[in-house]
Amino acid sequence: MKLLCVIGVAGVVLAQPSYENPVKKLLKEGKPVIGATISMPSVEASTLAASLGFDFLWIEMEHSPIGLETARNMILATRGLKAVPFIRVPVNELWTAKRALDIGALGVIFPFTSTPELARQAAAATHYPSAKGRRGFGPRLAEMRWPIPEGYAEFANENVLTVIIIEEGRAVERIDEIAQTPGIDVMFIGTSDLSYSLGHGGQMAHPVVRGAIDKVLAAGRKYKVPVGRPIRSPEDARAAIKDGFLFLQGVADVVMMTNGAKPFLDELGKTIDPKTKSTY
């Protein structure tokens with residue numbers, strides 16, 4: 001948070017807050033950030049996660065039932081809390097990003113960005129034309145979440161985080177072209193989908209999968225684009241940071257609930273079996 005001085009009533013100089021996306025700032029400084037994945041359409045879950053110390057919320061709209069109206073309420077619930085709200089949209093399209101940003105998300109995560117053309121499309125979708133983007137102007141709802149004195153458009157072009165997901169072998173083949181795309185802030189590796197695309201589903205340690213991951217990391221270092229991946233535990237996070245990953249997607253809310261409940265119930269002599277079938 002930095003301060004912007006403006007002239008108030010009767011010429012008195014007032015200090016008003018001018019927001020700077022802390023996730024972008026940390027990434028530019030080469031520091032890791034970690035987010036909570038929110039897959040439940042719950043304002044309460046978002047509010048709690050945003051207050052626990054995570055750097056950002058990964059609001060999941062590709063693999064969950066969360067709709068725009070619920071996402072809007074979840075974003076508004078983060079006001080005054082630490083975590084910055086981002087949305088993974090269902091598909092890399094101009095209109096999906098526009099709707100996510102116009103309800104107040106400060107970042108968009110684009111799945112299956114497997115070509116330089118799709119990378120350029122993602123960057124254009126998150127920037128207004130003054131920054132050679134294609135985002136249409138209609139920020140009234142976004143301004144309710146980000147009431148910036150100097151103007152929302154300029155603020156958004158500087159602070160919206162553009163994340164593309166590398167999750168197909170064909171993306172790795174053209175990763176140098178993709179990494180050079182202006183306006184891309186993070187290349188995130190969808191490790192599970194990438195492993196399946198390479199013919200070794202779920203085998204993250206397989207030499208082919210590991211080689212592809214290393215190639216994306218190398219491109220990120222070469223072109224100074226932070227790289228991210230999912231993490232499943234504190235140990236996994238430490239290993240990821242050691243490898244050079246900076247943008248870390250934490251486990252989903254439902255996993256956190258399970259992980260918290262299981263030791264409690266185990267202590268009581270009960271267990272949680274994820275394979276248990278319902279009895280209806």
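Strands are taken here as DSSP runs of E of at least two residues, numbered from the N terminus. In the predicted model, Gln249 is placed by this assignment in strand S10. Strand S10 spans residues 247-252 and is mostly covered, with five of its six residues buried. Gln249 has a relative accessible area of 11% and is therefore buried, the cut-off being under 20%. Beyond its neighbours within four places in sequence, Gln249 contacts Gly35, Thr37, Trp58, Phe188, Arg229, Pro230 and Ile231.

Strand S10 has parallel partners. Strand S3 (residues 33-38) pairs with S10 in the parallel sense over four bridges, and Val33 stands opposite Phe247 of S10. Strand S9 (residues 227-230) also runs parallel to S10, to which it is joined by three bridges. Here the bridge partner of Gly228 in S10 is Phe247. A right-handed β-α-β unit is made by S9, helix H12 (residues 234-243) and S10.

The largest nonpolar core comprises 77 residues, of which Val23, Phe86, Ile87, Ile166, Met187 and Phe247 touch the most other members. Helix H11 (residues 207-223) gives the most to this core, contributing six residues.

Ile164 belongs to strand S7 (residues 161-166). With a relative accessibility of 0%, Ile164 counts as buried, because the threshold for burial is under 20%. When neighbours within four places in sequence are left aside, the contacts of Ile164 are Phe110, Thr113, Ala119, Ala122, Ile178, Ile184, Val186, Met187 and Phe188. Ile164 and Ile59 are 105 residues apart along the chain, and their C-alpha atoms are separated by 15 Å.

Tyr19 counts as buried at 19% relative accessibility, and Trp146 counts as buried at 3%.

A stacked aromatic pair is formed by Phe56 and Phe247, at 4.5 Å centre to centre and with 10 degrees between the planes. Because Phe56 lies in strand S4 (residues 56-60) and Phe247 in strand S10, this pair ties together parts that are 191 residues apart in sequence. Both Phe56 and Phe247 are buried.

Tyr19 and Trp146 are also members of one aromatic cluster, together with Tyr128, Phe137, Tyr152 and Phe155. Charged side chains lie over aromatic rings at the following sites. Arg145 is positioned over the face of Trp146, at 3.9 Å from the ring centre. The charged end of Arg229 sits over the ring of Phe245, 5.4 Å from its centre.

Technical notes. Residues numbered from 1 in each chain as written. Predicted model: local features only at pLDDT ≥ 70, side-chain atom pairs only at ≥ 80, totals over all residues. Heavy atoms only, no water. Buried < 20%, exposed > 50% of the residue type's maximum accessible area, 1.4 Å probe, protein only. Pairing = 2+ DSSP bridges. Right-handed = clockwise from strand over helix to strand, strands pointing away. Core = buried A, V, L, I, M, F, W, Y, C linked by side-chain atoms within 4.5 Å. Contact = heavy atoms within 4.5 Å. Phe/Tyr/Trp six-rings, centres within 6.5 Å; stacked < 30°, edge-to-face > 60°. Lys NZ or Arg CZ within 6 Å of the ring centre and 35° of its normal.
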